[in-house]
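Here is a short briefing on pockets and ring pairs. Take a look at the structure first, and then we will walk through both topics.

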Amino acid sequence: MADSSTRQPSMLQALLPIGLLVILLAFSVYLYGSDSSYGANQIALIICAAVALLVGLKNGQTWRELEKGVVDGISIALGALLILLMVGALIGSWILAGTVPTMIYYGLQILSPEYFYVATCAICAIVALSIGSSWTTAGTVGIGLIGVSQGLGLSMEITAGAIISGAYFGDKMSPLSDTTNLAPAVTGTDLFTHIRHMMWTTTPALIISLVIFAVIGFNSDANEQVLVLEDTLQLLNDNFNISLWTLVPMLVVFVLAFKKVPAIATILVGALLASVFAIIFQSDVIVTFVNEPELQTGLVYLKGVWTSLFSGFSVSTGNEVYDELLSRGGMTSMLNTMFLIITAMSFGAAMEVTGLLHKLIKTVIGVAKSTGALIGSVLATCIGMNVITADQYISIVLPGRMYKAEFKRRGLDAKNLSRTLEDSATITSPLIPWNTCGAYMAGTLGVATGAYWIYCYFNLITPFVSFIYALFNFKISPIEGDEASE
């Protein structure tokens with residue numbers, strides 16, 4: 001934020017980059033449609049970041065100060081960028097090793113179209129609850145489930161919504177989750193007190209979501225899906241060695257994630273292990289994939305697994321559904337997503353270092369008079385932070401710090417704030433295309449954020465449940481004990 005020697009920004013100045021961003025993003029979507037995230041949105045974010053920096057210069061800040069603030073802001077996302085690269089490598093190696101094809105093969109036979117969406121949501125919820133990571137869940141089980149949905153002829157968009165809904169419920173309720181630990185740490189709440197308090201908002205939202213997914217599934221038409229299913233099973237059998245052994249890399253990733261091994265290391269181990277399994281179980285697939293008869297056998301295998309890590313796996317059988325299903329992955333497939341994250345973080349950092357972000361939040365706090373309005377303002381602020389700063393961690397930490405004193409002044413227990421932070425900042429992050437979470441989910445699942453967000457029922461419903469509780473003062477706990485007397 002700007003130091004005391006500079007002029008404080010006005011509300012008009014704070015709203016200028018935001019208003020311009022809304023206008024430019026609207027034009028971006030109008031002109032480029034679903035391709036707007038492949039460059040057009042990034043240009044809009046950079047232009048608005050430049051406008052915010054010009055406001056900072058006008059208010060007396062130095063370029064060196066502003067540049068450092070932007071660089072520091074981008075550096076926050078470096079961990080996410082590295083994870084994206086590792087996930088790209090993981091997807092390519094897992095397809096080549098037969099891990100993803102095996103998941104799809106057995107999933108097609110176990111999951112029927114009628115209950116596929118509800119089962120997908122429930123499976124992802126259980127996995128994420130076990131390992132504490134929505135990203136790992138989407139990047140492992142989610143990839144397989146997306147493949148199963150294509151094999152069944154079901155909607156990839158609804159499937160992505162079910163995956164994200166389940167993954168974020170499990171992530172949110174798991175004591176192993178980083179955001180679930182971050183929110184109570186910022187507000188001064190005990191971890192398990194925080195989780196118990198969240199159950200009041202997350203459980204109804206998940207139940208409603210499961211009911212909706214069940215209704216959608218039971219109303220689906222299964223006639224065409226049976227034909228697609230049989231063709232896909234045959235093609236998988238013809239082109240891969242389907243074996244339960246190929247699922248070992250996935251199991252290793254789950255074990256490492258459960259043991260809280262850092263995400264980058266966990267995913268890298270999964271990708272390298274899959275490369276070894278590819279040579280052992282899919283040697284014929286590698287030879288066909290590389291298609292260079294003049295190379296020695298050992299070099300063919302090396303080139304095949306190496307290519308899958310940086311460029312992904314591709315196949316051309318003439319069956320469009322099958323080819324689209326398994327021609328994916330590689331680090332290069334994540335470069336556009338990384339481009340989006342870097343430009344979005346630049347805009348968020350520019351808004352923060354110039355003090356424009358602080359001006360917006362301070363104004364919101366000032367107009368929230370009742371408890372319902374206060375919690376509503378936290379919800380709105382966190383969602384706004386997800387849009388502006390493009391990062392769920394910033395969207396938890398900044399509002400958490402700025403609202404903490406106000407909650408205490410009004411006699412409200414800190415667990416109300418920590419729950420509200422998660423009900424908004426954590427939950428809505430995958431719904432925004434340029435947010436790190438939205439970009440990650442789109443890049444990993446292969447479905448645009450603008451196409452799947454409407455089906456993320458858990459993520460959409462939870463903030464409303466939280467706001468309704470606040471309006472009726474239901475499960476809003478006052479401060480008790482010694483802190484109350486203070």
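**Pockets and aromatic pairs**

Ile-83, Ser-133, Asp-178, Ala-263 and Tyr-393 lie nearest the centre of the second largest pocket, which has 25 lining residues. A pocket here is an open set of 1 Å grid points, over the protein atoms alone, where a 1.4 Å probe fits, with protein on both sides within 12 Å along at least five of seven lines; lining residues have an atom within 4 Å of a point. This is a predicted model, in which local features need pLDDT of at least 70 and side-chain atom pairs pLDDT 80 or more, while totals for chains, interfaces and linings use all residues. Residues are numbered from 1 along each chain as its sequence is written, and side-chain values use heavy atoms, without hydrogens and water.

**Second largest pocket**

**Largest pocket**
- The largest pocket has a volume of about 720 Å³.
- Its lining has 31 residues, with Ser-37, Ala-442, Ala-448, Thr-449 and Gly-450 nearest the centre.

**Aromatic pairs**
- There are eleven aromatic pairs, counted for Phe, Tyr and Trp (six-membered ring) with centres within 6.5 Å; planes under 30 degrees apart are stacked, over 60 edge-to-face and the rest tilted.
- Phe-240 and Phe-313 form a tilted pair, because their ring centres are 5.9 Å apart and their planes at 50°.
- Trp-200, Tyr-469 and Phe-474 are linked into a cluster by ring pairs.

How values were computed
Points joined across faces, edges and corners; volume = space filled by probe spheres on them.
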